[in-house]
Amino acid sequence: MNRVVIVVCDSLRTDLITPRDAPFLSELGRRSARFVNHASVFPSTTRTSAASIATGCLPARHGLLGNTMALDEGDGLVCLSVGRQDFRDRLHRATGRTLHAPTLAERLDRIGETAIAFSNVTPGAAYFLDPDGFGWVYNAAGSYGPGRQPLPAEDGLQIGKGDAGDTVATERFCEEVLQRRAPALALLWLSEPDYTGHHTPLGSPAHRRAIANADANVRRVAETVAALDSDGERVLLIVGSDHGMETVDETIDLDRLLIEAGLKRGATSSDVVVAPNGTAALLYFADPAGALVGKIAWFLEAQDWVGRTFVGGALAEIGLPTRSAAQIAVTLKTDDRANPHDVPGHSHIIRDSLEPKDCTGFGQHGGLGSNEQRPFLFASGGGFGSGVYHGRSSLIDIAPTVLRHLGLDTAGMDGRPLPRHPG
């Protein structure tokens, strides 16, 4: 059977792939199918992106609406971090399910094949690649086999985020997963350059080193794939990122502003709950059909830091559900000013009370800014020719491309298989 290998370099925006910092990716892009109008989803967060890559669906269909979400666990809406180790279980208890669409792991399990994912990002982002345990998911917070059976700690992925952890994960991925276990689908999700980008300025020496480390790990995987498939036809290699980043300009305390405007009863009230997603936010309402929705929409549209506001039926324009408690999405205004390291793109962010910290001058994402919506995507092997594809592509096109290579049906997906011969 054919095989697919996917490598995700978290938050690596396409314009930061340069011969100086990413020599191998620069070379790989020249000899692969390169999709230059590739976009993320909204919110452009790792956890939502993981679900979209795994299902081939927009958030409206798969149901994971950001890095944070509001759930009603019996006492009214409350904002929770999707990244926490327990979020998957809390979502299942509150709603009766995890994702609303089948993952690649589930589709492969139906035909007796398997998927293995090594993910060095948050547990939530890792687990929503396969939340119901049809394959294998390895993460530092805990690793699981089929049936979500916990693996012994010594068999798990005991690493930290950053360069060193990514390198350990990559070496084990190449030796154990690609060479020995040989699943139909193998996915490696690197923490860099996202991890460093959230803690240092974009384009700084530390951030450039993180890009170089990701580049070196992609090289290891590509060389392993080449050794396993010398003619480049049986193994499809997909390398890309989930989103890009903007530089943080200012932090907006939206909860406080709503309270001061008389539009929210208190910091922990459930009449309206702000779910911050970096440079974007979703607003959930206890009464989704109530007058408060319109009042808050009017308030947001008057703010000079708001880029666009999407309300009710307009949420469908950005791939979000229209009949849930989340009735407003806001993406913050961006500009093209360069930071001290000549990397363009600034945006405000929404304060996250679950993880309050000063991110000014560092990287962030979540919205519709041109830089955070600039992931890269290369495909090689599996019949893909080299060249540049100028048509639009998205994260949701990855899963149907995987299934086509494996000879499986793509029904029920929002995405479409990528063209093998760019032009």
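Reader: What should I know before I start?

Author: Residue numbers start from 1 along each chain as its sequence is written. The model is predicted, so to speak of local features we need pLDDT of at least 70, side-chain atom pairs count only at pLDDT 80 or more, totals for chains, interfaces and linings use all residues, and side-chain values use heavy atoms, with hydrogens and water left out.

Reader: Which residue of opposite charge has the side chain nearest to D166, and is D166 buried or exposed?

Author: Lys and Arg count as positive, Asp and Glu as negative, while His and the chain ends are not counted. A salt bridge puts a side-chain nitrogen of Lys or Arg within 4 Å of a carboxyl oxygen of Asp or Glu. Buried means under 20% relative accessible area, exposed over 50%, and partly exposed in between (1.4 Å probe, protein chains only). D166 is buried and has no salt bridge; R220 is the nearest side chain of opposite charge, 9.2 Å away.

Reader: What lies 3.0 Å from a polar atom of the D166 side chain?

Author: The backbone nitrogen of E192 does. E192 also turns up among the residues that D166 touches (heavy atoms within 4.5 Å), and the others include N120, N213 and N217, leaving out residues up to four places away in sequence.

Reader: Where are the cis peptide bonds?

Author: Most peptide bonds are trans. Here, E192 to P193 is cis, with omega near 10 degrees. Another cis bond joins F42 and P43, where omega is about -5 degrees.

Reader: And how do I read a positive phi?

Author: Most residues other than glycine have a negative phi. A182, not a glycine, has a positive phi of about 50 degrees, and A182 is partly exposed at a relative accessible area of 35%. D342 also has a positive phi, near 65 degrees; D342 counts as exposed, with 66% relative accessibility.

Reader: What is the volume of the largest pocket?

Author: Rolling a probe the size of a water molecule over the atoms shows where empty space is left. On a 1 Å grid over the protein atoms alone, a pocket is an open set of points where a 1.4 Å probe fits, with protein on both sides within 12 Å along at least five of seven lines; lining residues have an atom within 4 Å of a point. Points are joined across faces, edges and corners, and the volume is the space filled by probe spheres set on them. The largest pocket comes to about 660 Å³. Of its 33 lining residues, R47, N67, H198, E355 and K357 are the closest to its centre.

Notes:
A polar contact is a pair of N or O atoms within 3.5 Å; within protein, one must be able to donate a hydrogen and the other to accept it, and residues adjacent in sequence count only if both atoms are side-chain atoms.
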